[in-house]
Amino acid sequence: MKLDKVLVIIPTYNEAENIEIISKRLREAVPSVDILVADDGSPDGTGEIADRLAEADPQIHVMHRTKKEGLGAAYLAGFQWGLDRGYEVLVEMDADGSHQPEQLPDLLAALEDADMVKGSRYVPGGSVVNWPKHREWLSRGGNWWTRLMMAIPVKDSTGGFNAFRADTLRAIMGEITSQGYNFQVDLTWNTISKGMTVAEVPITFIERERGESKMRGMIVVEAMAKTTTWGIAYRFRQLGAGINGLFSR
């Protein structure tokens, strides 16, 4: 399958200070890609700025959503928009500059041999810049806990800089139920559960310089609680399958 038609989805809520900068960087880094700004009714005028960018550049598109419904809902709507228009690759990217557009070619190259590619902060060569240590260790702890509970062989399952083949999303979108921080784990888990390949490439994650972070400590705690629930259910299914196999001999 050709992987030439690429859509980068950038969800926004109050990113007026960032959306023009990140769009320009992305178009310069990979001129062939299209951009979809999925704005959740930002009161700071992000949607209007995106409209202006789209008027000037036919490779920039805007989806106006009427209210803030969460990261997962914005991405799922963006995925469907791209699938309906025949895009072969769909990419998740933050608006705030924490994901470096200049590293997107590395993700796209790795997708030649994978079904999903994650830009990873926690594989060799990956790094985090300008994060307070407590936040980095909270993130690392969340990923360690996810690997422990769900047996996911991925170092950065919570990372949000991801590239998918269109067929991968068609296979998993109906299974995704999470919002917020756990949305990325849900995507990764369902891709692996379907027997598909997830690759990781190192990225440099840089904390935003402008605007307000949407991440809060309790979001991570809630995500870890949900991961625990998923993990317990997964382990019970493993146990049940083992018992059934034992008695069927």
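Asn130 turns up in the loop that runs between β6 (127–129) and α5 (133–150). In this predicted model, Asn130 has a positive phi of about 70° even though it isn't a glycine. That is worth a second look, because most residues other than glycine have a negative phi. Asn130 counts as exposed, because its relative accessibility is 56% and the cut-off for that class is over 50%. Another asparagine, Asn14, also has a positive phi, about 55°. Asn14 sits in the loop between β1 (6–12) and α1 (19–29).

In soluble globular proteins, nonpolar side chains tend to be buried together. Here the largest nonpolar core has 30 residues, and the members touching the most other members are Val8, Ile10, Leu26, Val91, Leu104 and Leu107. Two or more residues each come from β1, α1, β2 (34–39), α2 (46–56), β4 (89–92) and α4 (104–110). Helix α4 hands over the largest share, four residues.

A pair of aromatic rings is described by the distance of the centres and the angle of the planes. The structure holds six aromatic pairs. One of them, Tyr75 with Phe183, is stacked, with 6.1 Å centre to centre and 5° between the planes. This pair ties together distant parts of the chain, since Tyr75 belongs to helix α3 (residues 71–84) and Phe183 to helix α7 (residues 182–193), 108 residues apart. Tyr75 and Phe183 are both buried. Phe79 and Phe164 make up another pair, edge-to-face this time, at 5.6 Å centre to centre and 65° between the planes. Here too the link is between distant parts of the chain: Phe79 is in helix α3, Phe164 is in strand β7 (residues 162–165), and 85 residues separate them. Phe79 and Phe164 are both buried as well. Put together, Tyr75, Phe79, Phe164 and Phe183 form one aromatic cluster.

The charged end of Lys5 sits over the ring of Tyr87, 4.8 Å from its centre. Arg140, for its part, lies over the face of Trp137, at 5.7 Å from the ring centre.

That leaves one more arginine, Arg170, in helix α6 (residues 166–172). Its relative accessible area is 48%, so Arg170 ends up as partly exposed. The side chain of Arg170 makes a polar contact with the side chain of Asp167, at 2.7 Å. As for the fold around Arg170, its C-alpha atom is separated by 8.2 Å from that of Leu83, a residue 87 places away along the chain.

Technical notes: Residues numbered from 1 in each chain as written. Predicted model: local features only at pLDDT ≥ 70, side-chain atom pairs only at ≥ 80, totals over all residues. Heavy atoms only, no water. Buried < 20%, exposed > 50% of the residue type's maximum accessible area, 1.4 Å probe, protein only. Phe/Tyr/Trp six-rings, centres within 6.5 Å; stacked < 30°, edge-to-face > 60°. Lys NZ or Arg CZ within 6 Å of the ring centre and 35° of its normal. Core = buried A, V, L, I, M, F, W, Y, C linked by side-chain atoms within 4.5 Å. Polar contact = N/O pair within 3.5 Å; in protein donor to acceptor, adjacent residues only side chain to side chain.
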